[in-house]
Each structure stands twice: as C-alpha cells, then as structure tokens.
Amino acid sequence: MAQIDWYMQLNLKARHLRLITALYDHGNLKQVAEISHVTVPAVSKALAELEKGLGLELFSRTAQGLRPTVYGECLVRHARTLMTEIHQARDELKSLSSGAEGKVHVGAFPAATSVLLPQAIALLKQRSPRTNVLVTEGIAQTLLPELWQGRVDIVVGRLPVRNATDGFDEKELLDEPVSLMIRNQHPLARKKRLKWSDLQPYPWVLPPTGTILRAPLERTLEQHGVALTNNYVETLSTSLARAYLLVTDAIAVMAGAVAHDTSQPLKILPLTFPHVMRPRGVLWNKNRGLTPGAELMVQCLEEAAAAMKLRPEFGLNPP
C-alpha cells in the first residue's frame with residue numbers, strides 16, 4: 001500500500017493517464033504507438049514502468065491483445081475523470097487569459113432550449129458579458145453520464161426520476177402542465193364535446209422510447225382506452241413537431257411554455273392530462289460543485305423561471 005501511495009503522489013503523470021486510457025480503448029500496443037507517434041517498444045516500456053511503480057498488473061497480455069485487470073479498470077475510470085478536470089482547467093485558464101470571465105457548459109433537453117434557457121442566457125450575458133456559454137442538446141441517457149463525468153457543468157430540462165444515491169443535486173424551476181396539441185384546422189378542433197376515444201384515428205408525434213415523457217403518455221392513453229397506432233413520428237425537436245402539426249392531422253404532446261407559444265396557429269385539446277412528470281429544473285454533480293459561471297447560470301435560470309410564472313401566455317400558475 002505504501003508503494004501505491006508513494007507512486008500516486010510523486011510519480012504519476014498526465015502522460016501515464018493518457019497511456020492507460022489509450023491502451024484500454026484500443027487494447028493494442030501497435031495502435032497506441034501509432035496514435036501517440038512513438039515506437040511499440042516505447043509504449044511497452046512505459047506500461048511496464050507504470051505497473052512496476054504501482055506494483056500492480058494493469059493489463060493482461062493475451063493473443064487477442066491487452067485486457068484490463070480489475071486494477072486497470074479502476075485506474076482508467078479515475079484517469080478519465082482526472083483528464084476531464086485537467087482539460088477543463090486548461091479551457092478555463094485560456095478563457096481567463098484571453099479576457100473572458102469563464103465558461104459554462106450546459107446540457108439541455110430539447111424543450112428547455114425554446115424559452116427558458118434562452119431567457120436565462122440573456123440574463124447571464126447582461127450581467128457577465130464575458131462569461132461564455134456552450135450548450136449541448138441531448139436526452140437523459142446521454143447527458144447525465146456527461147454530467148457525472150464532468151463534461152457538462154449543469155443539465156437543464158425536465159427533471160428525471162432519481163434516487164437518493166445518484167450523486168446529483170437539483171433545483172426545481174417550473175411545474176408545467178402537459179397538453180395535447182393539434183393544428184387549428186384539425187378535424188378535432190371543430191368537435192364541441194371531445195372524448196379521449198376521438199383521438200384513436202389520428203397519427204401522432206411522439207417523444208422517442210426511453211425519454212422522460214414517452215412512458216407516462218402511453219400509460220395515460222392506455223388508461224383512456226386509446227391505442228397508439230403504427231402511424232407516428234418520433235422526435236425530440238419541438239420546432240419539428242410544431243411544424244409537422246401544421247401540415248398534418250397528427251397529435252403531439254407538449255408542455256408549458258412550448259404548448260402556449262402563440263407564434264404558430266396550434267390548438268390545445270380540451271382534455272385533462274394528469275400530472276405525469278416531474279417539474280422542469282436544473283441538475284448538477286454534487287461531488288464536483290459549481291464553477292462561478294455555473295452558479296451564475298443557475299441564478300439566471302431561477303430568475304427566468306420566476307418571470308415566466310408571472311406571464312399568462314406561458315400557461316403556468318404563479319407560485
């Protein structure tokens with residue numbers, strides 16, 4: 001144990017971290033040598049020195065190539081985290097040295113990019129014009145691992161179902177109603193007394209399977225005896241969904257500000273949709289904390305959400 005402590009504290013370097021992650025990813029000394037622009041013996045020697053220094057076998061040599069041992073798996077996992085931290089420190093130092101005041105990397109579920117996030121970014125830019133923002137759209141399955149690994153600072157959107165041990169902190173921002181949408185000229189728009197069964201003949205615009213809204217939507221339709229037909233389009237793009245509704249008789253499910261956007265002639269169906277989802281909010285990795293830029297972004301998100309609650313066109317109830 002003393003050998004591991006000594007080596008990790010005094011001799012482990014960034015080049016070692018790059019080496020073992022490359023060996024893990026490629027499992028082949030020749031490939032790693034090629035991408036590192038060194039010789040195969042140099043890669044083999046570096047690995048041998050690292051294993052000797054730690055007193056542990058990190059990779060087993062097989063006919064199919066290198067296979068990580070349990071020690072290798074462990075070290076690679078932490079190496080990726082450390083390399084992410086180093087890259088973030090590099091980027092932040094570059095920003096500061098160029099006159100910027102920092103950078104915040106925001107992961108966003110698509111619906112969050114329509115109203116809430118743009119307003120929050122506008123607030124941030126008013127207060128700190130040199131704090132720059134990088135926004136990456138995605139779904140929970142892609143963004144939450146990025147958040148855990150430190151590649152994004154915060155994630156904004158519909159809060160996923162979580163457990164107490166997942167390592168994230170969160171702040172609720174908007175509790176938005178869910179609505180079923182159609183175009184103004186849709187045949188259902190003329191019905192005076194609409195029933196759930198009236199939805200049956202029409203195609204749908206659905207969130208993809210595995211996304212936060214899909215399962216609650218299917219459960220709700222099933223409870224009302226409405227079977228989803230095989231005639232549907234799946235998308236996370238609210239702009240595509242709205243545009244598609246304008247040229248078809250499809251039905252789409254939307255929430256809050258997106259549903260109440262008056263820029264296009266769409267209609268909300270007068271059917272009571274149960275409270276099936278968690279509020280919209282912001283998530284961050286509690287083990288990493290927030291950078292100053294991320295803290296400012298969270299504050300601006302809170303203020304943007306509070307302002308939206310007071311505006312009736314967004315269909316939200318004031319707190």
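Modeller: Buried means under 20% relative accessible area. Take Cys300, with a relative accessible area of 0%, so this residue is buried. Keep in mind that this is a predicted model.

Biologist: How many residues does the protein have, and what percentage count as buried?

Modeller: The protein has 319 residues, and 42% of them count as buried. The secondary structure comes to eleven helices and twelve strands.

Biologist: What share of the contacts with a separation of 6 or more comes from residues 24 or more positions apart?

Modeller: Such residues account for 74% of those contacts.

Biologist: Back to cysteines. Is Cys74 buried or partly exposed?

Modeller: Cys74 has a relative accessible area of 33%, so it is partly exposed. Cys300, by contrast, is buried.

Biologist: Where is His37 placed?

Modeller: His37 sits in the loop between helix H3 (29–36) and helix H4 (40–54). The relative accessible area of His37 is 73%, so this residue is exposed.

Biologist: Which residues make the contact?

Modeller: From H3, they are Leu29, Lys30, Val32 and Ala33. From H4, they are Val40, Val43 and Ser44.

Biologist: How do the residues of the contact of H3 with H4 divide into nonpolar, polar and charged?

Modeller: Five are nonpolar, one is polar and one is charged.

Biologist: Show me one. What is the N to O distance between Glu303 and Arg127?

Modeller: It is 2.4 Å, and the two side chains meet in a salt bridge. This pair links distant parts of the chain. Glu303 is in helix H11 (residues 292–309), Arg127 is in helix H6 (residues 116–127), and they are 176 residues apart. Glu303 has 36% relative accessibility, so it counts as partly exposed. Arg127 is partly exposed too, with a relative accessible area of 42%.

Biologist: Which residue meets Arg183 in a salt bridge?

Modeller: Asp249, at 2.7 Å from N to O. This pair also links distant parts of the chain, 66 residues apart. Arg183 is in strand S7 (residues 178–183). Asp249 is in the loop between helix H9 (238–246) and strand S10 (251–255). Arg183 counts as buried because its relative accessibility is 18%. Asp249 is at 26%, so it counts as partly exposed.

Biologist: And which residue forms a salt bridge with Arg214?

Modeller: Glu218 does, with the closest N and O atoms 2.8 Å apart. Both residues are in helix H8 (residues 214–223). They are four residues apart, so about one helical turn separates them. Arg214 counts as buried at 6% relative accessibility. Glu218 counts as partly exposed at 32%.

Biologist: Which residues do salt bridges with shared partners join into one network?

Modeller: Glu170, Glu172 and Arg278.

Biologist: Last topic: sequence against space. How many residues apart are Thr84 and Gln149?

Modeller: They are 65 residues apart in sequence, yet 7.6 Å apart in space, C-alpha to C-alpha. Thr84 lies in helix H5 (residues 70–97). With a relative accessible area of 10%, Thr84 is buried. Leaving out residues up to four places away in sequence, Thr84 touches Gln149, Gly150 and Arg151.

Biologist: Where is Thr142 found?

Modeller: Thr142 is in helix H7 (residues 140–149). Its relative accessible area is 43%, so Thr142 is partly exposed. Gly107 is 35 residues from Thr142 along the chain, and their C-alpha atoms are separated by 9.5 Å.

Technical notes
Residues are numbered from 1 along each chain as its sequence is written. This is a predicted model: local features need pLDDT of at least 70, side-chain atom pairs count only at pLDDT 80 or more; totals for chains, interfaces and linings use all residues. Side-chain values use heavy atoms; hydrogens and water are left out. Helices (H or I, at least four residues) and strands (E, at least two) are DSSP runs, numbered from the N terminus. Buried means under 20% relative accessible area, exposed over 50%, partly exposed in between (1.4 Å probe, protein chains only). Contact means heavy atoms within 4.5 Å. Ala, Val, Leu, Ile, Met, Phe, Trp, Tyr, Cys and Pro count as nonpolar, Asp, Glu, Lys and Arg as charged, and the others, Gly among them, as polar. A salt bridge is a side-chain nitrogen of Lys or Arg within 4 Å of a carboxyl oxygen of Asp or Glu.
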